Amino acid sequence: QEISILLNEALSNDELYVDYQPKVRGDGSIIGMEALLRWSSPIIGGVSPGVFIPIAEQSGLVLRLTRWLVNHVCIQIRQWEDEGLDIVPVAINISGPDLDQADFKKYLINCVVEQNIKPHFIELELTESAKTQNIPDAIATVQYLASFGFCITLDDFGVGYSGLSKLTNFPVQRVKIDRQFITNIQSDAKNAQVVEAIVAMCKVFKIDVLAEGVEDLREVDCLLEMGCKSFQGFAFARPMSRRSIAKLIDKTQ
Ligand code: G
Ligand code: G
Ligand code: NA
Ligand code: MN
């Protein structure tokens, strides 16, 4: 509750910032990045989004956090384009309650139009188990956003079983296999089977599949053998500042 009050103030007091984690191919070349919200409170110090996002989802504050992030990322992409950098899609995590808002799509579209950004440079990561109030409405919203040109990704794939989890409902371009299945994949036969099944399913639907939480290059070898070609995780790069990630997409370097 105290966190909720402090977080509310954080929005107006400039305490939020964004780190970016690369998404890569097996050779380390960058294909995208995920924007990750960070909160540095002058009173309680750094707080992990793993702690404050669930609280914000309960209090409804997440709606304002997501909008802050969408606007912030669009401004950032415009700045990078103006600096001549090679833009890759930037992923934003969308919460269930965001999709329940009737004017969410309008807000998103206004932001990309205002900054003159191609919508395919914004990737929307939807958690497979996202708790939305009205699943058919949420699916309609996502379909509309996909038709406008946003990239749609299902995050934490393999752990959810809500209505959002049906790939056939959705114009999904990418699935992120949840990190719990990636850990020790080279020695855990059950995890390996789950990942092989997800990769096979994505092949049928012609969906790009990315393994998240890859911490070890042995996991990468194993995943490549299974046909998974995209990765995100500490084995390649940790979340980093906007300045550090800008160096990675600077074609002059
Ligand atoms: O960066 P870190 O591992 O601490 O993030 C923890 C969790 O918080 C992750 O599941 C991540 O997806 C989530 N997260 C990070 N930034 C955002 C955000 O802006 N919005 C939402 N909804 N979740 C986020
Ligand atoms: O899917 P989600 O949005 O939860 O994933 C993003 C979060 O995962 C980020 O906050 C990031 O800090 C965390 N993360 C990224 N790579 C790794 C990794 O290799 N191992 C672990 N444990 N966490 C990671
Ligand atoms: Na995510
Ligand atoms: Mn995830």
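1. Ala, Val, Leu, Ile, Met, Phe, Trp, Tyr, Cys and Pro count as nonpolar, Asp, Glu, Lys and Arg as charged, and the others, Gly among them, as polar. On that basis the shell around ligand 1 holds 6 nonpolar, 5 polar and no charged residues.

2. This is a predicted model, in which local features need pLDDT of at least 70, side-chain atom pairs count only at pLDDT 80 or more, and totals for chains, interfaces and linings use all residues. Residues are numbered from 1 along each chain as its sequence is written, with chains lettered from A and ligands numbered from 1 in the order in which they are written.

3. Around ligand 1 (C-beta atom, placed from the backbone, within 6 Å) lie residues including Leu-36, Ser-48, Ile-53, Thr-66, Asn-93 and Pro-239. β2 (30–41), α2 (49–59) and α3 (62–82) each give two or more residues to this shell, and α2 has the largest share, 3 residues. Helices (H or I, at least four residues) and strands (E, at least two) are DSSP runs, numbered from the N terminus.

4. Helix α8 (residues 189–205) has 17 residues and should span 24 Å at 1.5 Å a residue; its end C-alpha atoms are 25 Å apart, which agrees. The expected span is 1.5 Å times one less than the number of residues.

5. Asn-191, Val-195, Ile-198 and Cys-202 of α8 are buried. These buried residues fall within an arc of 60 degrees seen down the axis, so they line one face of the helix. The arc is that of the directions from the helix axis to the C-beta atoms. Buried means 20 or more other C-beta atoms within 10 Å of the residue's own, exposed 12 or fewer, and partly exposed in between, with C-beta atoms placed from the backbone.

6. Just after α8, Lys-206 takes a positive phi of about 55 degrees.
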